[in-house]
Amino acid sequence: MNNRPIKVLVVDDEAAMREVLEMRLQEWGFDICLAGDGLEGKAMAESFDPDIVISDVIMPQLSGMELLRDLKAGDPDRPIILMTAQASIDLAVDAMKQGAQDYVTKPIDYTKLRETLKDVEQEIELRRESRKIRTQLDRGAGFGDFIGTSKPMREIYDLISSISASDASVIITGESGTGKELAARTIHNLSLRSKGPFVAINAAAIPENLMESEMFGHEKGAFTGATAMQTGCFERANRGTFLLDEIAEMPIALQPKLLRVLENRSVRRVGGNQEFIVDVRVLAATNREPREAVEAGKLREDLFYRLNVFTVALPPLRERNADIPLLAQSFIREFNQKHKSHVESCKNETMEILKAYSWPGNVRELRNILERAAILAKGAWIEPSHLPPYLRNSPAPEKGARTLSPQGVTAAEAEKELILSTLRLTNNNKAEAARQLGLDVKTIRNKLKAYGIS
Ligand SMILES: Nc1ncnc2c1ncn2[C@@H]1O[C@H](COP(=O)(O)OP(=O)(O)OP(=O)(O)O)[C@@H](O)[C@H]1O
Ligand SMILES: [Mg+2]
């Protein structure tokens, strides 16, 4: 677990110095091991396997600088702090260049040493944490290319695996960037059609007047500019899967023709009179509520029912922020490869900000923000300053919002206060508040109704 005490190796040839440090470090809760010179220090580094080494510079046998070099060659991540009585800028510069974490002068300023150790301690904890997450990623912390182990995502994985094998149509819904296209590709990859093509058409990205020929193809001379025969997406998707992305943006006039194609399983190119049989599984995606699109007259009801054999509704990221550390680590790994960087992880404060943010752009936004941060970070850690300002300034969770005054409050009042403050912390996300409180969403809804709050 993360609570294992941090082990510190102190190397100094002066017995009195060792004793003082031992006393202080023990007081601060560290696990201590002492060595009287560089050689002994080197041996102990192997047997004791310390998390941190604090070493004097001038010592008989192996000097502190030599020890630093040796230990860094073995484990470049282990922080080493050098201390010396003969303060010299050259030595300090040299030590930092060789990878020393810090450099302190004797007599030691214990307040400063304590602070340095606190920083180092946090890094060690984070390193342990990110190592744990990486192991989790290696074991497969998701499904196909999906990352995430939260309950709502596990439900999505179950649903996708059970509907993939069939040939039924699916409507995939979810806010922008929640992984709708990823879901469509996953369904295709898991289906019997996986060897066939996956073709996607984005109804929002194609001008209305070109949509029909894009989808169904056209014959030579079908319209001005149709200088050659062109097959459409439907034909190209033959024996595979066809994704109608942004289905609610599909020109309404074209929707009856689409419905006909789905029912007859055959297409006729624009300007042609021959029907081509196509064997295609059709998936549709939308970031609108499809029933609302039907009511708004953007999506024909008959087409909606034809497509909506199954619905996969991807949850927004803010409803599964428990997945953020895993997603972040997986993106960091990807960008380390892409940019040849060596980012280890996010600092605690950074992760707090990421978890508190509401993510209107969902996973895509998280991915973009981390790519930017990984480039800015340069070193091992993503700090809050590497995040865009609008994210840093978004309201942080109120500290202590959950402490209730224990006296003079009825249980019902305390419950109300707890529910409301949890809702504030979750940006009024009832599902997340319910999860944090271990309650049913329905219970929360009923309570709110009882409080007269909608
Ligand atoms: N759970 C996830 N794990 C890993 N990557 C994800 C996950 N969800 C989404 N992504 C990644 O986020 C990005 C956006 O996903 P995708 O394009 O599938 O979203 P979308 O819902 O289709 O978005 P839009 O509404 O803007 O079309 C992609 O890079 C995708 O790989
Ligand atoms: Mg998409």
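This is a short talk on one protein chain and its ligand.

First, the ground rules. The model is predicted: local features need pLDDT of at least 70, side-chain atom pairs count only at pLDDT 80 or more, and totals for chains, interfaces and linings use all residues. Residues are numbered from 1 along each chain as its sequence is written, while chains are lettered from A and ligands numbered from 1 in the order in which they are written.

Now the overall picture. The protein chain has 19 helices and 18 strands. These are DSSP runs, numbered from the N terminus: H or I of at least four residues for helices, E of at least two for strands. The radius of gyration, taken over C-alpha atoms, is 30 Å, well over the 22 Å that the globule rule gives for 454 residues, so the chain is more spread out than a compact globule. That rule is 2.2 Å times the number of residues to the power 0.38. Along the principal axes, the C-alpha atoms fill a box of roughly 95 × 65 × 35 Å.

Next, domains. Their bounds come from an automatic or database domain assignment. We have domain 1 (7-137), domain 2 (147-313), domain 3 (317-392) and domain 4 (411-451). Between the centres of domain 1 and domain 4, over C-alpha atoms, there are 48 Å.

So where is ligand 1? Domain 2 and domain 3 both give residues to its shell, so ligand 1 lies between them. The shell holds 16 residues, the closest being Ile147, Gly179, Lys180, Glu181 and Val363. To be near, a residue needs its C-beta atom, placed from the backbone, within 6 Å. β7 (146-147), α7 (180-190) and α15 (362-377) each give two or more residues to this shell.

On to a helix pair. Helix α5 (residues 110-138) packs against helix α13 (residues 324-339) at about 80°, axes 10 Å apart. Axes are lines fitted to C-alpha atoms over the stretch in contact, and angles run from 0 to 180 degrees between N-to-C directions. The two helices are therefore roughly perpendicular, a term for 65 to 115 degrees.

Last, two loop details. The peptide bond from Lys106 to Pro107 is cis, with omega near 0°. Pro107 sits in the loop between β5 (102-105) and α5. Gln61 is in the loop between β3 (52-56) and α3 (64-74). Its phi is near 65°, a positive value in a residue other than glycine.

How values were computed
Angles under 35 degrees count as roughly parallel, over 145 as roughly antiparallel, 65 to 115 as roughly perpendicular and the rest as oblique.
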